[in-house]
Amino acid sequence: MPQHIKRLLLTFAVVISLFLVMRFLLVPKSFGEYGHYRGLSLAENADRPLRYAGSAACGKCHQDIIDEKNAGYHAGLACEGCHGPAYAHAMSADSARSAPLPDSLKLERNTSRGYCATCHELNPARLKIVSDTTDLSMVKMIEEKKHGQVINKETNLPYACVECHNPHSP
């Protein structure tokens, strides 16, 4: 057998051996238990603490706000999309009827202009909404640097979006 064929076969054997060793070291033991899936990930995910409660949990105490939101442009958005994970807040709601919630369980309300612009900043790739449309599936877009640049005399900063717009029904 020619020398170059022997070297080629030896190279293939080394590469295949390295592949098998790496596969043995890197592929988890439970991989393939349920098809092309890592079986232990089910137990790992079940052990994680819950963080999100869902909008239905919000409606138990804040139904008036849910109704207002559902009648406006933000009808399709989950409460936790803007207010953050609310599982601990929702689970403590019954105890809050007798005493106020501690600060650790209060939900964040990011009212900065940049936060609203995360979704509402002018994006040429999206359809622009016409002011008289009733199609609630389109995002109303603005140029944050130009829109509503009224300066607050006390802070010397532009007013936050929520000072002019109701975030639940803008």
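Predicted model: local features only at pLDDT ≥ 70, side-chain atom pairs only at ≥ 80, totals over all residues.
**Close-up 1. Arg-38 pairs up with Glu-44.** Here a salt bridge links Arg-38 to Glu-44, with 3.1 Å between the closest N and O atoms. Arg-38 is partly exposed, at 29% relative accessible area. Glu-44 is partly exposed too, with a relative accessibility of 41%.

**Close-up 2. Glu-144 reaches Arg-113.** The closest N and O atoms of this salt bridge sit 3.7 Å apart. Arg-113 belongs to helix H7 and Glu-144 to the segment after H7, so the pair ties together parts that are 31 residues apart in sequence. What about burial: is Glu-144 buried or exposed? Glu-144 is buried, since its relative accessible area is 15%, and buried means under 20%. Arg-113 comes in at 11%, so this residue is buried as well.

**Close-up 3. Lys-146 meets Glu-143.** The two side chains form a salt bridge, at 3.6 Å from N to O. Lys-146 counts as exposed, with 63% relative accessibility, whereas Glu-143 is partly exposed, at 36% relative accessible area.

**Close-up 4. Asn-152 and its contacts.** Asn-152 lies in the segment after helix H7, the helix that spans 113-120. Which residues does Asn-152 contact, leaving aside its neighbours within four places in sequence? Those partners are Leu-157 and Tyr-159.

Terms used:
Residues numbered from 1 in each chain as written. Heavy atoms only, no water. Helix = DSSP H or I, 4+ residues; strand = E, 2+ residues; numbered from the N terminus. Contact = heavy atoms within 4.5 Å. Salt bridge = Lys/Arg side-chain N within 4 Å of Asp/Glu carboxyl O. Buried < 20%, exposed > 50% of the residue type's maximum accessible area, 1.4 Å probe, protein only.
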